[in-house]
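Hi,

Here is the structure I promised to pass on. Have a look, and my notes follow below.

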Amino acid sequence: MKSSELTKQSLAKFFDHTFLKAYATDKDLEKLCKEAKEIGAAMVAINTEWTAFCKEQLKGTDIHVGAAIGFPLGQCGTPVKVYETKYAIEQGADEIDYVINVSKAKMKDWDAIEDEMKQIVEICRANHKVSKVIFENCYLDKDEIKKLAEIAKKVKPDYIKTSTGFGTGGATLEDVALMIETVEGEVKVKAAGGVRDLETAKKMIDLGVSRIGTSSSLAILAEFEKENA
């Protein structure tokens with residue numbers, strides 16, 4: 001879809017409506033889920049602790065609950081990520097967004113990256129859940145981003161994702177274009193981190209992203225309504 005073809009409803013379906021702060025309370029997550037229902041978002045992105053709570057809040061809707069695994073550093077070890085993935089699914093997660101071990105990528109330990117990706121993707125696939133792999137591009141050079149995308153093209157998670165939103169930078173048009181070009185349609189791409197306005201969201205959609213992770217969903221939709229009034 002091109003941005004020129006968007007409706008408010010189709011734009012909202014790009015959004016993984018996000019609240020991943022350490023200080024989240026039940027009131028924050030209740031509000032997040034209420035907003036997701038009001039706008040018709042694709043998913044709520046939350047820390048694993050809140051999976052069952054959000055699943056209950058969203059009961060009877062088509063809005064997915066997405067658990068953030070190994071978040072935000074990806075440094076807890078593959079066995080821990082595997083356990084957290086299984087636990088999140090048991091708690092009702094529809095989608096899993098896990099953070100790679102960036103240290104392994106910087107050390108070019110691509111076998112470890114691929115092994116971890118295979119393990120988590122296979123769990124998701126066996127349970128009919130959506131898998132997303134977070135690269136955290138702000139810490140990677142272009143060759144590393146490309147290599148990770150090549151591994152993903154081979155393993156085939158449902159999505160690769162630019163960022164956690166907790167690093168030193170978020171999604172950039174250049175990085176998103178590189179990821180899309182590398183996977184050649186074999187894996188979808190999610191832009192996350194720093195997508196806070198309609199102009200940026202439109203540019204990401206025109207590049208070919210399938211999801212946008214943002215805590216600014218309502219503000220972007222309000223911009224869209226104003227622009228199309």
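A definition before the helix pair: axes are lines fitted to C-alpha atoms, for helices over the stretch in contact, with angles running from 0 to 180 degrees between N-to-C directions. Helices (H or I, at least four residues) and strands (E, at least two) are DSSP runs, numbered from the N terminus.

Bear in mind that this is a predicted model, where local features need pLDDT of at least 70, side-chain atom pairs count only at pLDDT 80 or more, and totals for chains, interfaces and linings use all residues. Residues are numbered from 1 along each chain as its sequence is written, and side-chain values use heavy atoms, leaving out hydrogens and water.

Now the pair itself. Helix 9 (residues 198-207) and helix 10 (residues 217-227) have axes that come within 9 Å and cross at roughly 90 degrees, so the two are roughly perpendicular (65 to 115 degrees). In contact terms (heavy atoms within 4.5 Å), Leu198, Ala201 and Lys202 of helix 9 meet Ile220, Glu223, Phe224 and Glu227 of helix 10. Those residues divide into 4 nonpolar, no polar and 3 charged (Ala, Val, Leu, Ile, Met, Phe, Trp, Tyr, Cys and Pro count as nonpolar, Asp, Glu, Lys and Arg as charged, the others, Gly among them, as polar).

Elsewhere, lysine 147 is in helix 7 (residues 142-155). Its relative accessible area is 30%, which makes lysine 147 partly exposed (buried is under 20%, exposed over 50%, partly exposed in between; 1.4 Å probe, protein chains only).

Overall, the protein chain has 10 helices and 8 strands, and buried residues make up 51% of its 229 residues.

Cheers

Conventions. Angles under 35 degrees count as roughly parallel, over 145 as roughly antiparallel, 65 to 115 as roughly perpendicular and the rest as oblique.
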